[in-house]
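Subject: Structure handover

Hello,

Here is the structure I promised to pass on. Please look it over first, then read my notes below.

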Amino acid sequence: MHEFLQTVLVPGLADGAIYGLVAVGFATLFTTTGVINFAHGQMVMLMPMSVLVAAGAGLPVWLAYVAALAVMAVVALTVEWTAVRPFVQSGQSASWLLSTLAISVILAELLAIPYSGEFRNFTYGVSKHRFDLAGLAVSPAELTAVAALFVVAGLLVVFYRRTRIGLELRAIADDLDGAEAIGISRARASQIATVLSALVAAVTGVLVASTQLVTPSLGLSYTFYGFVATAIGGMGSIGGAVAGGLVIGVVSQFAGVYVGSLTVNLTVFLLLVVVYLVRPHGLFGAAPVREV
């Protein structure tokens with residue numbers, strides 16, 4: 001049992017928390033706009049890469065973080081203007097799929113420029129040095145990732161249910177024409193949702209960089225697992241994103257340890273198929289309402 005907890009559950013939950021945060025970022029944007037941003041994984045890597053470049057230029061670490069957040073906001077709003085806003089609640093999935101994939105490729109190429117795509121050590125995050133906790137070796141970075149997942153998801157749920165802006169974003173999702181008829185701006189809602197998603201990506205990026213070497217190619221991997229977690233949990237469901245991420249993390253770790261590393265992706269997709277056979281819209285997803 002101890003071996004299972006140490007080799008499967010602890011790293012599985014830590015990885016799953018990261019996948020869950022990526023999925024929460026997807027859900028945050030999709031809830032309002034109906035768009036899945038496939039450049040989100042690159043946004044995750046943009047945060048630590050920006051901190052590295054700013055700190056390498058001589059800025060104090062705290063100022064490097066501020067500069068990185070400013071870069072995140074500018075890039076997020078640019079992505080929103082070019083690849084998200086034109087397709088808000090349009091139902092044209094092929095259009096936003098191609099537009100966000102194109103942005104993902106562009107960002108990956110730009111992020112490779114500062115260090116020629118080489119792996120870099122990120123020393124400005126949470127400690128990854130393990131300590132003993134109830135007989136298990138864990139790191140502050142792993143514990144922080146799990147805590148951040150629930151804190152971020154909880155704050156977003158409160159935001160959407162208890163604040164005026166959050167309710168306006170939900171109104172855009174529920175009835176775009178009706179929301180615009182009462183004065184809610186589609187453009188403003190799209191911008192707010194994109195910035196929120198970028199903030200989630202910033203938190204995720206720091207946690208990713210705290211546990212492994214940073215390289216732009218990591219963005220594609222996290223896009224993949226985050227999207228599967230979103231699909232399993234249910235599109236647009238923040239709670240589903242949390243559950244989907246944790247499930248993917250533990251299942252993939254179990255497959256890697258007890259079946260073989262080459263079977264991880266196969267296992268993840270088999271799990272997705274099984275979930276969709278039982279719950280076609282994901283664990284916490286709802287069937288779309290048809291307009292007649």
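In the largest cavity, α8 gives the most to the lining, with three residues. A few ground rules before the rest. This is a predicted model, where local features need pLDDT of at least 70, side-chain atom pairs count only at pLDDT 80 or more, and totals for chains, interfaces and linings use all residues. Residues are numbered from 1 along each chain as its sequence is written, and side-chain values use heavy atoms, with hydrogens and water left out.

**Cavities**

Searching the whole structure gives two cavities of 30 Å³ or more. A cavity is a set of points, on a 1 Å grid over the protein atoms alone, where a 1.4 Å probe fits but cannot get out; lining residues have an atom within 4 Å of a point. Grid points are joined across faces, edges and corners, and a volume is the space filled by probe spheres set on the points.

The largest cavity has a volume of about 40 Å³. Its lining consists of Asn37, His40, Met43, Ala76, Val79, Thr194, Ser197 and Ala198. The elements that give two or more residues to this lining are α2 (40-56), α3 (61-84) and α8 (186-211). Helices (H or I, at least four residues) and strands (E, at least two) are DSSP runs, numbered from the N terminus. By class, the lining of the largest cavity has four nonpolar residues, four polar and no charged. Here Ala, Val, Leu, Ile, Met, Phe, Trp, Tyr, Cys and Pro count as nonpolar, Asp, Glu, Lys and Arg as charged, and the others, Gly among them, as polar.

The second largest cavity holds about 30 Å³ of space. Ile165, Glu168, Leu169, Ile184, Ser185, Arg188, Ala189 and Ile192 line it. Two or more residues of this lining come from each of α6 (164-174) and α8. The lining of the second largest cavity divides into five nonpolar, one polar and two charged residues.

A pocket is an open set of points with protein on both sides within 12 Å along at least five of seven lines. The second largest pocket is lined by 17 residues, and the closest to its centre are Ala14, Asp15, Thr211, Gln212 and Tyr222. At least two lining residues come from each of α1 (2-33), α5 (140-162) and α9 (218-233). The largest share, five residues, is from α1. The classes in this pocket's lining are nine nonpolar, four polar and four charged.

**The core**

The largest nonpolar core has 82 residues. Such a core is a set of buried Ala, Val, Leu, Ile, Met, Phe, Trp, Tyr and Cys residues joined through side-chain atoms within 4.5 Å. Buried means under 20% relative accessible area, exposed over 50%, and partly exposed in between (1.4 Å probe, protein chains only). Val24, Met43, Met47, Met72 and Ile248 have the most contacts inside the core. Helix α8 gives the most to the core, with 11 residues.

Contact means heavy atoms within 4.5 Å. Leaving aside neighbours within four places in sequence, Val24 touches Leu149, Val152, Leu156, Val200, Ile238, Ala241 and Val242.

**Single residues**

Is Glu80 buried or exposed? Glu80 is buried, at 0% relative accessibility. Helix α3 holds Glu80. Beyond its neighbours within four places in sequence, Glu80 is in contact with Arg85, Pro86, Ala187, Ser190, Gln191 and Thr194.

Arg164 sits in helix α6. Arg164 is exposed, at 67%.

Ala134 lies in the loop between β1 (131-133) and β2 (136-138). Its phi is near 55°, a positive value in a residue other than glycine. Most residues other than glycine have a negative phi. Ala134 is exposed, at 78% relative accessibility.

**Aromatic rings**

There are nine aromatic pairs in the structure. Rings of Phe, Tyr and Trp (its six-membered ring) pair if their centres lie within 6.5 Å; planes under 30 degrees apart count as stacked, over 60 as edge-to-face and the rest as tilted. Phe254 and Tyr258 have ring centres 5.0 Å apart and planes at 40°, so this pair is tilted. The two are four residues apart in helix α10 (residues 238-258), so about one helical turn separates them. Phe254 is partly exposed, at 40%, and Tyr258 is partly exposed, at 41%. Ring pairs also link Tyr19, Tyr222, Phe224, Tyr225 and Phe269 into a cluster.

Best wishes
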